Amino acid sequence: MTEPKELPKAYDPQAVEPRWAREWAQNPLKPELNAHKGKGPFTIVIPPPNVTGNLHLGHALDNTIIDTIIRFKRMQGYEALYLPGTDHAGITTQVLVEKELAQEGLSRHDLGREKFLERVWAFKEKNGGAILHQLRRIGASCDWSRERFTMDEGLSRAVRRAFIEYYHQGLAYRGKRIVNWDPVAQTVVSDLEVNVEPTPGKLYTLAYPLAGGGEIQIATVRPETIFADVAVAVNPADERYRHLIGQKARIPLTERYIPIIADEAVLMDFGTGALKITPAHDPTDFEIGSRHHLEMPSVIDLKGCLAGELVPEPFRGLERFEARKRVVQALEEAGHLREVRDYTIALGYSDRTKAPVEPLLLEQWFVRMKPVAQKVLEGLDRGEMRFVPERWEKVNRDWLENIKDWAIARQLWWGHQIPAWYDEEGNVYVPDPDNPDLDCDQDPRYAHLKLRRDEDVFDTWFSSALWPFSTLGWPEATPDLKKHYPTDVLVTGYDIIFFWVARMQMSGYQFTGRAPFHTIVLHGLYLDAKGQKMSKSKGNGIDPLELIDKYGADACRFAWDYLATGGQDIRHDERRYEQGRNFANKLYNAARFVLMNRQAGRSSAPAAPTLADRWMVSRLNRGIAEITEAYEAFDLGRAARLVYELVWSEFCDWYLEAAKPALREGNQATLHTLESTLAALLKLLHPIMPFITSELYEALTGDTTQLALQDWPQAGARDLEAEKAFETLQATITATRNLRAELGIPPQQEVAVHLEGPGAALVMENLALFRFLSKAQASIGSPEKAIAQVTANTTVYLKPEGDLSSFLERQRKRLLELEKQVEQGQKKLANPGFVERADPAIVQAERERLAENQAQLERIRQNLARLG
């Protein structure tokens, strides 16, 4: 224990928060600090942000939720590990470095692979890691001594081992498939990295001359790819074309003839019902071409330009969209264009470069995902993982049940280079599982061969998929892996349930035989105030660091936890940050009040707890139970609301005021209740607002063990008798204040009220407290010509003084307003269109407003009747 310190008059988060941020950075809250408590481990791994990125609101939300859960579990006595780290972000980081080189008039090819990678590592050292320092500003209580990076030596070994296992189990293979090619980034991107957007385009109807005379018309949105056509397909059930099946048609602008085939995949109601088949440039055509064993020539190169001998000379080298214009012009001049109409195309854009992706037939590394996904589905069937909210389990299952093979190679240099080698005949060599670290070109068994290594790297998500166990030491059986794996909870946005969550599930079962976590907490997207996604192009982004500068980190954390409810998307609401700042100030002032009363001196005289003391202790016990339950359910929005109400309304607004008379009398029971209640409230709030609670706890207790390592409060028995009695007192005081307000009497002017009802005697027993809080004398009775307010246990009467004409006029005017509002509310709620279509929260608010107006209307009518 040290001597408790004095607090400055006003709370300044900028003076308090940096000190605690430094403390948690320099002396990390390691799980070992709780080893003596015997509760076992509780682990959450950070969703690794891009190493060169900056903190955005998604990161802030993720990490606030994680830290709130971790701090709660740490106080419960668990060996809580919050494991930090960053992702190498293959495409994003390489693009940034290539932009730097372009400004110097260079490309990566000018440098060569080795020198380019040296440049990327230097860029990472210079610009990387800032985001982890930014996370310290929001109070992330990570064990910084365990920080990992997806390209560090240990994780690189894990990535290599995973691929080798996939390959030797027959799951990783090279094959020709249609992939999404990004012509700007010059790499394959996965389906999940493609944003399909409705894009205005044209649907062209073209005439293909038949070998025996006549023509067949086909509809296409990509006339520039006709040179790669290998067939025209029709549905076998389509009477219009059945007689043409087996005949041949000529590709316009060429002398090549292609067969007319039948396939049930052709949609009879799309375009003309006849489909040109271009297997190398369309996924559906690829499937049809594979079924019919058709050739698969390509006419678009990696730069997105028309290329190859099949392309007529005038179109070779043209960029694909320019080529479209030229080909359409040539088709029209040659008499092959029958119709052009506006058509909305579902066009895929690269998430990274925003360029339209090109479907290309390329030889790539893939992983067969069906057998791996099946293990996850069986784990879900056994209840080994649960989702919060649970509705996301169905989404997870649906994707796993319909999963496609994963294209894992990327045509980049920054990343984990694929450990596969090829001899001069194209045979593949992959290291042996028993000696995975030995490169094949160094293996004595292959010394007689001339081997070259695959130049591609793994998709960034390949390494991220191993994150829950690679960060703990896998494939080695490290003490951390044994203790902290499987991890306990994963927290992330629902938008990466396929990118990351499902892939971690599959990797966990594939390589460790266990689920990587037992609970998946998904939050919504953080949107702007209008409900739109934030983006640089829209200019609607909000910098969380600016919010922290303006409101303080605790206020921001309060807002983020408060808003993170039910996995719904979150609209930015500045009022929540203001609420958090006001809450911090309210708590700070309450703590100063407690400390000042303690310094006023302690008395040795025995004193019994007052009714207010008993009420506060009972309400605290109820609060501990409810708030703990909310934290346990990971319902942090509810936890924030409950602790806010307990601190603001019950402790500050009621108990601190009710305690003042007893404190003036030197009641030590009241002082003890004040101190112990404040200490418990600081513990309950600490996971959400760690900075101010740590500062106030230190000032209150002088304890050398910081609040983060204190024990979580336990709920005791409730005193329902005291709760009921104090609630009667509260209701009577509130009614008295309301009557005073109705008559326009100043708050400090003492009035005389009369009381009736079963609770009147109890109020009289606590008359001194009633008088102090309501500024009113009280007596039993029901006078004539008095206005009244009825509560559950008392009726309070207040007799107006002097001329009542202006008061009566105001009341009659208010009566007319309320009658109108009640009528409008009833009409609105009687309208099925409003009740059925409006947001349920809006409908509920309308019902509550109507009930409130009706109650007020009835009260005014009764008061007017009493006053004659």
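Colleague: Which residue forms a salt bridge with Asp238?

Modeller: Arg240 does. The closest N and O atoms of that pair are 2.7 Å apart. Keep in mind that this is a predicted model.

Colleague: Is Asp238 buried or exposed?

Modeller: Asp238 is buried, because its relative accessibility is 3%, under the 20% cut-off. Arg240 counts as partly exposed, at 44%.

Colleague: What about Arg718, which residue does its side chain meet in a salt bridge?

Modeller: Glu723. The N to O distance there is 2.9 Å. Glu723 is buried, at 3% relative accessibility. Arg718 is partly exposed, at 40%.

Colleague: Which residues do salt bridges with shared partners join into one network?

Modeller: Arg222, Glu224, Glu319, Arg320, Arg324 and Glu358.

Colleague: And how many salt bridges does the count come to?

Modeller: 63. Another of them pairs Glu165 with Arg161, with the closest N and O atoms 3.0 Å apart.

Colleague: Where do Glu165 and Arg161 lie?

Modeller: Both are in helix α7, which covers residues 153-168. They sit 4 residues apart, about one turn of the helix.

Colleague: How do Glu165 and Arg161 fall, buried or partly exposed?

Modeller: Glu165 has a relative accessible area of 17%, so it counts as buried. Arg161 has 24%, so it counts as partly exposed. The line between the two classes is at 20%.

Colleague: Change of topic. What is the mean pLDDT of the protein?

Modeller: The mean is 92. Of the residues, 98% reach 70 or more.

Colleague: Which element has the lowest mean pLDDT, and which the highest?

Modeller: Strand β28, residues 787-790, has the lowest, at 81. Strand β2, residues 79-83, has the highest, at 98.

Colleague: Which residues line the largest cavity?

Modeller: The lining includes Asn50, Glu193, Arg352, Arg410, Leu412, Asp459 and Thr460. Ala89, Gly90, Ile91 and Thr92 are also part of the lining. Helix α3, residues 90-103, gives the most, with 3 residues.

Colleague: How does the lining divide by residue type?

Modeller: Into 3 nonpolar, 4 polar and 4 charged residues.

Colleague: Next, Thr795. Where is Thr795 placed?

Modeller: In strand β29, residues 795-798. Thr795 counts as buried, because its relative accessibility is 14%, below the 20% limit.

Colleague: Which residues does Thr795 touch, leaving out those up to four places away in sequence?

Modeller: His754, Leu755, Glu756, Ala788, Gln789 and Val790. Thr795 is also 8.8 Å from Gly759, C-alpha to C-alpha, and the two are 36 residues apart in sequence.

Colleague: Last one, the whole protein. How many helices and strands?

Modeller: There are 28 helices and 29 strands. The protein has 868 residues, and 55% of them are buried. The C-alpha atoms fill a box of roughly 110 × 70 × 55 Å along the principal axes.

Colleague: And what share of the contacts with a separation of 6 or more comes from residues 24 or more positions apart?

Modeller: Those account for 78%.

Notes
Residues numbered from 1 in each chain as written. Predicted model: local features only at pLDDT ≥ 70, side-chain atom pairs only at ≥ 80, totals over all residues. Heavy atoms only, no water. Salt bridge = Lys/Arg side-chain N within 4 Å of Asp/Glu carboxyl O. Helix = DSSP H or I, 4+ residues; strand = E, 2+ residues; numbered from the N terminus. Buried < 20%, exposed > 50% of the residue type's maximum accessible area, 1.4 Å probe, protein only. pLDDT = per-residue confidence, 0-100. 1 Å grid on protein atoms, 1.4 Å probe; cavity = no way out; pocket = protein on both sides within 12 Å on 5 of 7 lines; lining within 4 Å. Nonpolar A, V, L, I, M, F, W, Y, C, P; charged D, E, K, R; others polar. Contact = heavy atoms within 4.5 Å.
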